[in-house]
Amino acid sequence: KNEIEKRQAKATTKLSEEISQLDSLTKAQDKKSQQSVSEFLQPREGNFFRGKIFRKGTPSLGIPPHTLKASTLLLTHLVPHPTASITLDPDTAHPDLILSEDRKSVRCAEARQDLPDNPERFDYWPFVLGYQSFATGRHCWEVEVGDEGDWAIGVAKESIARKGQLSLCPKGGIWGVEKWGGQVRALTTHKVTLLPLRMLPRRVSVHLDYAGGTVAFFDADEGGLIFIFSRASFTGERVRPWLWVVGARSQLRLCP
């Protein structure tokens with residue numbers, strides 16, 4: 001047992017170092033902008049990639065083959081994901097939340113609204129789900145989080161409880177990241193994981209790979225990886241975009 005634990009720790013450390021190396025190489029190559037896209041990936045013009053739109057002349061990442069092999073998990077989220085058009089489901093919105101007319105943005109109400117207590121509606125946390133749900137394929141969408149207030153976004157199983165408190169982690173059927181007290185944290189099992197980002201994101205891109213069992217979050221402006229959940233157990237259930245508005249200053253908007 002001790003030998004297995006040592007091997008697991010060594011493998012985890014090695015993977016973390018290689019992913020860190022990948023991120024460094026990505027940033028360096030973005031600055032150089034000298035190599036051809038064909039040396040790495042050839043996304044078609046207009047495709048979504050690393051939170052940006054590819055245009056002619058966009059530089060490649062130029063990442064060495066040995067690094068690519070070791071970081072396959074991360075790279076599955078660097079290739080284009082079909083952009084999903086997401087709207088919010090008013091039947092799930094907590095009474096403290098106000099949705100825009102186009103159901104693309106959500107903010108806190110000044111006072112609790114008198115809304116029907118239907119089975120789909122959250123009654124404890126100020127949550128709202130996306131109207132769209134997924135049980136196959138790869139999908140991505142952007143959320144404008146701004147620089148005011150606190151928030152959390154991600155994906156949730158369609159079957160999560162709507163009444164009472166929830167366990168905000170994968171075991172509770174939620175894969176997400178949050179901004180709380182000026183810090184960005186991943187909602188991991190047992191306790192949150194602090195993410196040491198250079199700057200707080202203003203727009204976050206959520207990448208869902210249902211078959212691959214992964215959920216990744218990117219800074220949609222800078223293109224950098226924020227966090228990735230691997231081996232997500234969706235157990236064949238449909239999942240939906242999940243948003244949490246924390247405080248009066250916070251407002252979230254789905255893009256476009």
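## A walk through the predicted model

Ser105 is buried, at 8% relative accessibility; buried means under 20% relative accessible area, exposed over 50% and partly exposed in between, with a 1.4 Å probe and protein chains only. Ser105 belongs to strand 4. Helices (H or I, at least four residues) and strands (E, at least two) are DSSP runs, numbered from the N terminus. Contact means heavy atoms within 4.5 Å. Leaving out residues up to four places away in sequence, Ser105 touches Leu88, Ile98, Leu99, Ser100, Gln251, Leu252 and Arg253. Thr87 is 18 residues away along the chain, and its C-alpha atom is separated from that of Ser105 by 8.4 Å.

This is a predicted model, in which local features need pLDDT of at least 70, side-chain atom pairs count only at pLDDT 80 or more, and totals for chains, interfaces and linings use all residues. Residues are numbered from 1 along each chain as its sequence is written, and side-chain values use heavy atoms, with hydrogens and water left out.

Confidence comes next. pLDDT is the predictor's confidence in each residue, from 0 to 100. The protein chain has a mean pLDDT of 79. Of its residues, 70% reach 70 or more. Residues 33-70 stay under 50 in pLDDT. For that stretch the model has 81 contacts beyond four places in sequence. Where pLDDT is low, the predicted coordinates should not be read in detail.

Two strands pair if DSSP finds at least two bridges between them. Seven strands form an open sheet in the order 3-4-15-6-11-12-13, with antiparallel pairing. Its edges are strand 3 (97-99) and strand 13 (225-229), each of which pairs on one side only. From one strand to the next, the twist averages 20°. The axes are lines fitted to C-alpha atoms, for helices over the stretch in contact, and angles run from 0 to 180 degrees between N-to-C directions. Inside this order, strand 4 (residues 105-108) pairs with strand 15 (residues 251-255) in the antiparallel sense, over three bridges. Here Arg107 stands opposite Gln251 of strand 15. In a regular strand the side chains alternate between the two faces of the sheet.

Phe217 stands opposite Phe227 in strand 13. Strand 13 is mostly covered, with four of its five residues buried. Phe227 and Phe229 are both buried.

What about the loops? Arg103 is found between strand 3 and strand 4. Its phi is near 60°, a positive value in a residue other than glycine. Arg103 counts as partly exposed because its relative accessibility is 41%. Arg231 lies in the loop between strand 13 and strand 14 (239-246). Arg231 also has a positive phi, of about 55°, although it is not a glycine. Arg231 has 75% relative accessibility, so it counts as exposed. Most residues other than glycine have a negative phi, and most peptide bonds are trans. Asn118 sits in the loop between strand 4 and strand 5 (127-129). At 15% relative accessibility, Asn118 counts as buried. Beyond its neighbours within four places in sequence, Asn118 is in contact with Asp91 and Lys163.

The aromatic rings come next. Rings of Phe, Tyr and Trp (its six-membered ring) pair if their centres lie within 6.5 Å; planes under 30 degrees apart count as stacked, over 60 as edge-to-face and the rest as tilted. This rule gives twelve aromatic pairs. One of them is Tyr124 with Trp125, edge-to-face at 5.2 Å centre to centre and 75° between the planes. Tyr124 is partly exposed, at 43% relative accessible area. Trp125 counts as partly exposed too, at 21%. The ring centres of Phe227 and Phe229 are 4.9 Å apart and their planes lie at 75°, so this pair is edge-to-face. One aromatic cluster is formed by Phe122, Tyr124, Trp125, Phe127, Trp180, Trp242 and Trp244.

Last, the cysteines. How many disulfides are there? The count is zero, where a disulfide is a pair of cysteine sulfur atoms within 2.5 Å. Cys108 is buried at 17% relative accessibility. Cys140 is buried at 1%.
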